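Student: I have a model open and I'd like to learn how to read it. Can you walk me through it?

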Amino acid sequence: MRSKLVVGNWKMNGSRAANATLLNGILEGLGQPRAAVAVCVPAPYLFQCEALLQGSPIAWGAQDVSCHPVGAYTGEVCMSMLQDFGSRYVIVGHSERRAYHGESDALVAKKAKAALDAGLTPIVCVGETLEQREAGHTMAVVGAQLDAVLEAVGAEAVGKIVLAYEPVWAIGTGRTATPAMAQEVHAALRQKLRACNAAAAETTLLLYGGSMKPDNAADLMAQPDIDGGLIGGAALKAADFLGIVHAA
Ligand SMILES: O=C[C@H](O)COP(=O)(O)O
């Protein structure tokens with residue numbers, strides 16, 4: 001039986017004051033959750049996570065990272081910097097990075113490999129657009145996104161990544177994939193993982209992301225291949241985030 005993982009992706013939201021309110025609110029209501037919990041925050045706030053969350057059940061991490069270890073890459077943040085502030089996770093290949101920053105499958109794969117090499121857990125995002133879904137290309141698209149990563153990280157890394165299926169049309173739209181739709185893709189993704197490393201595929205956590213809320217979280221996470229959530233909007237209010245954590 002796989003454990004559950006609920007990750008808040010704050011995207012480009014927050015301030016020192018708002019973060020403190022949010023994190024303290026989550027800590028107050030957390031109790032002893034069945035799920036593992038993490039927040040992926042804008043890089044400048046990793047220091048604040050370290051200060052507030054150290055020793056708590058909540059892990060933290062970043063939303064993107066450079067594939068380079070150090071050097072003349074203006075504006076970029078590297079793995080060792082994330083680790084300097086105690087990060088455990090880093091999201092790679094979020095559809096907003098792919099769409100607004102032109103990140104290719106190959107670059108996402110490099111980032112996933114660099115994260116693993118540095119000892120961080122990459123949360124690798126895959127997902128299709130509405131156009132791709134309607135054309136019947138969902139599995140081809142997410143399959144190619146996953147294949148690029150598997151090729152870069154190798155079979156032995158299958159159990160060390162977290163995979164997040166985020167249909168682009170469900171992100172921030174209030175339009176959620178039904179549990180059956182999400183499960184269908186998750187099952188197919190796990191099948192691909194099995195083909196790469198059968199034993200490790202059973203332990204890889206597959207998160208769903210896209211308008212997950214307290215009122216749909218339990219049904220989504222009850223699906224056999226949905227092991228948790230990558231939460232955007234609902235991660236910005238302690239009550240909503242806790243509602244999802246406690247539904248896991
Ligand atoms: O990374 C999180 C996803 O993009 C989901 O965002 P959302 O929950 O606001 O739809």
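**Reading the model, feature by feature**

Tutor: Start with Gly233, which is partly exposed because 19 other C-beta atoms lie within 10 Å. As for the terms, a residue is buried if 20 or more other C-beta atoms lie within 10 Å of its own, exposed if 12 or fewer, and partly exposed in between, with C-beta atoms placed from the backbone. Keep in mind that this is a predicted model: local features need pLDDT of at least 70, side-chain atom pairs count only at pLDDT 80 or more, and totals for chains, interfaces and linings use all residues. Residues are numbered from 1 along each chain as its sequence is written.

Student: Where does Gly233 sit?

Tutor: Gly233 is in the loop between strand E8 (228-231) and helix H11 (238-247). Helices (H or I, at least four residues) and strands (E, at least two) are DSSP runs, numbered from the N terminus.

Student: Which residues does the UniProt annotation "binding site" cover?

Tutor: The record, an unreviewed entry, puts Asn9, Trp10, Lys11, Gly172, Ser211, Gly232 and Gly233 under that annotation. They span 225 residues in sequence, yet no two of their C-alpha atoms are more than 13.8 Å apart, so they gather at one spot. One caution: UniProt positions are given in the numbering used here, feature names are shortened, and annotations may be inferred rather than shown by experiment.

Student: And what surrounds the ligand in the model?

Tutor: There are 14 residues around the ligand, and Asn9, Ile171, Gly209, Gly232 and Gly233 come nearest. Here, near means that a residue's C-beta atom, placed from the backbone, lies within 6 Å of the molecule or strand. By class, the shell has five nonpolar, eight polar and one charged residues. For those classes, Ala, Val, Leu, Ile, Met, Phe, Trp, Tyr, Cys and Pro count as nonpolar, Asp, Glu, Lys and Arg as charged, and the others, Gly among them, as polar.

Student: Is Asn9 buried or exposed?

Tutor: Asn9 counts as buried because it has 27 C-beta neighbours inside 10 Å. Its place is in strand E1. Leaving aside neighbours within four places in sequence, Asn9 is in contact with Cys40, Gln63, Ile91, Leu230, Ile231, Gly232 and Ala235. Two residues are in contact if their C-beta atoms, placed from the backbone, lie within 7 Å.

Student: How should I read backbone angles?

Tutor: Most residues other than glycine have a negative phi, and most peptide bonds are trans. Now look at Lys11, which is not a glycine but has a positive phi of about 50 degrees. Lys11 lies in the loop between strand E1 (5-9) and helix H1 (16-30), and it counts as partly exposed, with 19 C-beta neighbours inside 10 Å. Ser211 also has a positive phi, of about 55 degrees, although it is not a glycine. Ser211 is in the loop between strand E7 (205-208) and helix H10 (214-221), and is buried, with 21 other C-beta atoms within 10 Å.

Student: What about the nonpolar core?

Tutor: In soluble globular proteins, nonpolar side chains tend to be buried together. The largest nonpolar core here has 76 residues, of which Val7 and Val124 touch the most other members. Its largest share, six residues, comes from H7. A nonpolar core is a set of buried Ala, Val, Leu, Ile, Met, Phe, Trp, Tyr and Cys residues joined through C-beta atoms within 7 Å.

Student: Which residues of H7 are buried?

Tutor: Thr138, Val142, Gln145, Leu146, Ala148, Val149, Leu150 and Val153. Just after H7, Gly154 takes a positive phi of about 85 degrees.
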